[in-house]
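Please keep the sequence and the structure in view while working through the numbered points.

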Amino acid sequence: CLSPAPSLYFWRPRARGPDNQETGMDNREQTYQEIGGWLWLAVAWLALGGMSYFISAVDLQGMLRGSYGDLDDPQVRMLLFKLGTSVGLLGYSLYVAFLLWQRKRPLRVAIITLMIAGLLLSGVDLLLTDYLLFFPLAIESVSSVFRALIVAAIGIPYFCFSQRVKRTFVH
């Protein structure tokens, strides 16, 4: 009388027959009704990214309001660029969160696009900071590009090839 091993996932797999009716757990393909497994890591990344974009936008807006007359033109342009990218990425993160919540098919492409946009914009931000403001490159400024690169290197193959993602959001 052995009890089944506890599951590490928070989902209930259901097999579906050819007429899309629930059947017993036979050898048919499983579809997942809830998010589970490694997808929780993507949910946490999306939540933390959205919060950081919001905090960045609020901080940049405060810096622009408080010292707008004291800044040179390149500094104002740089802060406006950073504010625009933070607001844009925040809005797109909210869109991706909505797709995740609704379990929509375009989520895979949207989250990959968000990863690539975060990587590209952090690289452009680093180059513009060096070019416009003449700040020397420090490890703190380069670390954001490396973080985005690691997230993209892990997340893009996962969302492209994972059977769990395909069964949760495609089928």
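The points below go from the overall fold to individual residues.

1. Basis of the note. This is a predicted model, in which local features need pLDDT of at least 70 and side-chain atom pairs count only at pLDDT 80 or more, while totals for chains, interfaces and linings use all residues. Residues are numbered from 1 along each chain as its sequence is written, and side-chain values use heavy atoms, with hydrogens and water left out.

2. Overall fold. The protein has five helices and two strands; helices (H or I, at least four residues) and strands (E, at least two) are DSSP runs, numbered from the N terminus. Along the sequence the pattern reads β-β-α-α-α-α-α. Of the 171 residues in the protein, 30% are buried, where buried means under 20% relative accessible area, exposed means over 50%, and partly exposed lies in between (1.4 Å probe, protein chains only). Among contacts (heavy atoms within 4.5 Å) with a separation of 6 or more, residues 24 or more positions apart account for 58%.

3. Helix 1. This helix has 28 residues and reaches 41 Å from its first C-alpha to its last, close to the 40 Å expected at 1.5 Å a residue. The expected span is 1.5 Å times one less than the number of residues. The buried residues of helix 1 are L39, A42, L46, G49, G50, Y53, A57, L60 and L64. What covers these residues includes helix 2, helix 3, helix 4 (139–161) and helix 5 (163–169).

4. G50. Which residues does G50 contact, leaving aside its neighbours within four places in sequence? They are L90 and S93. G50 has its place in helix 1 (residues 39–66) and counts as buried because its relative accessibility is 13%. From G50 to A97 the C-alpha to C-alpha distance is 9.2 Å, although the two are 47 residues apart in sequence.

5. The nonpolar cores. A nonpolar core is a set of buried Ala, Val, Leu, Ile, Met, Phe, Trp, Tyr and Cys residues joined through side-chain atoms within 4.5 Å. The largest one has 18 residues, of which V96, L107, I111, F159 and F169 touch the most other members. Helix 1, helix 2, helix 3 and helix 5 each supply at least two residues of this core, and its largest share, six residues, comes from helix 3. Not counting residues up to four places away in sequence, I111 touches W45, V96 and F159. Apart from this core lies another, of five residues, among them L60, L64, L79 and L83.

6. Aromatic pairs. A pair of aromatic rings is described by the distance of the centres and the angle of the planes. Rings of Phe, Tyr and Trp (its six-membered ring) pair if their centres lie within 6.5 Å; planes under 30 degrees apart count as stacked, over 60 as edge-to-face and the rest as tilted. The structure holds three aromatic pairs. In one of them, the rings of Y92 and Y95 have centres 5.8 Å apart and planes at 40°, so the pair is tilted. Y92 and Y95 both lie in helix 2 (residues 73–102), three residues apart, about one turn of the helix. Y92 is partly exposed at 26% relative accessible area, and Y95 is partly exposed at 39%. The rings of Y158 and F159 have centres 5.4 Å apart and planes at 85°, so that pair is edge-to-face. Y158 is partly exposed at 21%, whereas F159 is buried at 3%.

7. The salt bridge. How many salt bridges does a search of the whole structure find? It finds one, a salt bridge being a side-chain nitrogen of Lys or Arg within 4 Å of a carboxyl oxygen of Asp or Glu. The partners are D125 and K82, with the closest N and O atoms 3.6 Å apart. D125 lies in helix 3 (residues 107–132) and K82 in helix 2, so the pair ties together parts that are 43 residues apart in sequence. D125 is partly exposed at 22% relative accessibility, and K82 is partly exposed at 25%.

8. S122. Is S122 buried or exposed? At 14% relative accessibility, S122 is buried; its place is in helix 3. A polar atom of the S122 side chain lies 2.9 Å from the backbone oxygen of L119. Leaving aside neighbours within four places in sequence, S122 is in contact with S144, V145 and A148.

Terms used
Polar contact = N/O pair within 3.5 Å; in protein donor to acceptor, adjacent residues only side chain to side chain.
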